[in-house]
Amino acid sequence: MKLDTQLIAALGLGKYLQGEQWASAIINGEAVFDNGPAKPLRSPIDHASLGQYVNAPAAITEQAIKEAHAAFLKWRTVPAPRRGELVRLIGEKVRAKKKELAQVITLEAGKIVAEAEGEVQEWIDICDFAVGLSRQLHGLTIVSERPEHRMMEQWHPLGTVGVITAFNFPQAVWAWNAMLAFVCGDPVVWKPSEKAPLCALAIQSVVDEVIAEFDGAPRSLSQIVIGEVETGKQLAESPLVPLVSATGSVRMGKAVAATVGGRLGRSLLELGGNNAMIVTETANLELALRAIVFAAAGTAGQRCTTLRRLIVQESVVDQLLPRIAKAYETLPIGDPRESGKLVGPLIDEPSFRAQQQALADAKAQGGEVVFGGERVTAGVPANGFYVRPAIVRVNGNLPVVCHETFAPILYVMTYKTLDEAMALQNGVPQGLSSAIFTDRMQEAERFVSPAGSDCGIANVNIGTSGAEIGGAFGGEKETGGGRESGSDSWKNYMRRTTNTVNYGNALPLAQGIKFDV
Ligand code: NAD
């Protein structure tokens, strides 16, 4: 196994490892090993072995859920500011281990060091946000129509939150959910992506140290179950999991929504995007260029907010396109651990095949690949799937453009009028992130207006990716409608009660109804 022993020691991962096999679950802080079929875990950087994992059997997952529920019954009565103190201590620990946690992201998901550290920073930021929030979980006081009555709202803990995550944000997405869940009074059972279980174990090691030392925190507040589709389904089915927060493909979201909806549970869905940027004739092309290259090629096109569609006013396309191609020519592609590299590998071979298929489909549908798209084998570690980010000229939203290919392919199309650009921008099934580059106030305001972008994120003179944690994050249509992270997303993790209090000696009924007995 090619995992640095120093890294294992620094993160305290040894307790989750037997030989080359990683734990299948962490329940009440204890590693659970299973002797089911072992599956290899490989780094996308060079296919080096990172050990093996074994899916948690159903009985183990059930136990994790039951123990989390027991934690809920205790944690819900701990005052919220005290719950915030736990999250504050977690934040301190994460600050101290930032580099090591980021190294695991790079090894497992192939992110360049700067982006991996940025992902851990998101965890630190959401800790700070959640600590402040722990003193602000407030409801309204509402006047009553009845004399000597008062109405109020309270927000109470909801119960166990089941978190299902994708491979491409193997730490931050859990943190967005878990840090809010903990201050809201909810335990978390996490099923990480089967492509990134080590990130989950590394996180658990850090979090469990804090929980174990914290007076009043049940050890089963944070549980991990390693598994694939079946484990995710089990979380979706369990009535002991009132909220399932699932991040991943539209296909996965549809399955989870149907299962959770079937038992009338709550789901929070963060699914695929198909993000567009409109570049108008007044845009500052220098700014636009930088935003385009980071959003389209960064993270090797494997962000839910990656820029996939560029909608350019026809009068500026001939100035802009050659500059993007020139910037792409000099993008350093290779081992994400090396400083200076900006584009790392795709996650695996199926992802590479999907990228190649999309390019072939684009050509068959009339598109023209004007730059890149090929596999890079020189100057990169052997066995990894490295590709040169592609630029494809298309005429409008071709069928291939309407679905998300999780790879660095930028489709470029032109428009004449802003109406046409808006129709292209909104004319796909997904609705996550969008942007306009313009120096005209009317265009900018129209883009963010009710008749503008139909996405959950609509930016002006900023790219589609790299959101801050302070805002609510998520999207509409097939992106699933969920909101995580900042603003009032915390309300997803709590249940609201409306309380009417009668402090008089009569019992008047609402709406003036008379029912005297
Ligand atoms: P994926 O859908 O293959 O897997 C995501 C997770 O869902 C994994 O943990 C997987 O085991 C689980 N899963 C799959 N099918 C399931 C089912 N039927 N029931 C329960 N669980 C199931 O996605 P991926 O390839 O890991 O990630 C890439 C996708 O995630 C892209 O579509 C990307 O846009 C999306 N994503 C969205 C956001 C967002 O916030 N909107 C963030 C990150 C990634």
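In this predicted model, a polar side-chain atom of Glu404 sits 2.6 Å from an oxygen atom of the ligand. The ligand on its own exposes 850 Å², and the protein buries 91% of that. The shell around the ligand takes at least three residues from each of domain 1 (5–271 + 480–496) and domain 2 (275–469).

- Ser249 places a polar side-chain atom 2.5 Å from an oxygen atom of the ligand.
- Phe167 takes part through its backbone, with an N or O atom 3.2 Å from an oxygen atom of the ligand.

**Make-up of the shell**

- The ligand is surrounded by 29 residues, and the closest are Thr165, Glu194, Ser249, Leu271 and Glu404.
- Sorted by class, the shell around the ligand holds 13 nonpolar, nine polar and seven charged residues.
- At least two residues of the shell come from each of α8 (229–237) and α9 (250–262).
- α9 provides the largest share of the shell, four residues.

**Domains and their interface**

- The chain divides into domain 1 (5–271 + 480–496) and domain 2 (275–469).
- A distance of 31 Å separates the C-alpha centres of domain 1 and domain 2.
- In the contact, 26 residues belong to domain 1 and 26 residues to domain 2.
- About 2,000 Å² is buried between domain 1 and domain 2, and carbon and sulfur atoms give 62% of that area.
- Of the area that domain 1 buries against domain 2, Ile45, Ile112 and Glu115 supply 27%, more than any other three residues.

Terms used: Residues numbered from 1 in each chain as written. Predicted model: local features only at pLDDT ≥ 70, side-chain atom pairs only at ≥ 80, totals over all residues. Heavy atoms only, no water. Near = heavy atom within 4 Å. Polar contact = N/O pair within 3.5 Å; in protein donor to acceptor, adjacent residues only side chain to side chain. Areas by Shrake-Rupley, 256 points an atom, 1.4 Å probe, with all protein chains shown as cover. Nonpolar A, V, L, I, M, F, W, Y, C, P; charged D, E, K, R; others polar. Domains from an automatic or database assignment. Contact = heavy atoms within 4.5 Å. Buried area = accessible area lost by both parts, 1.4 Å probe.
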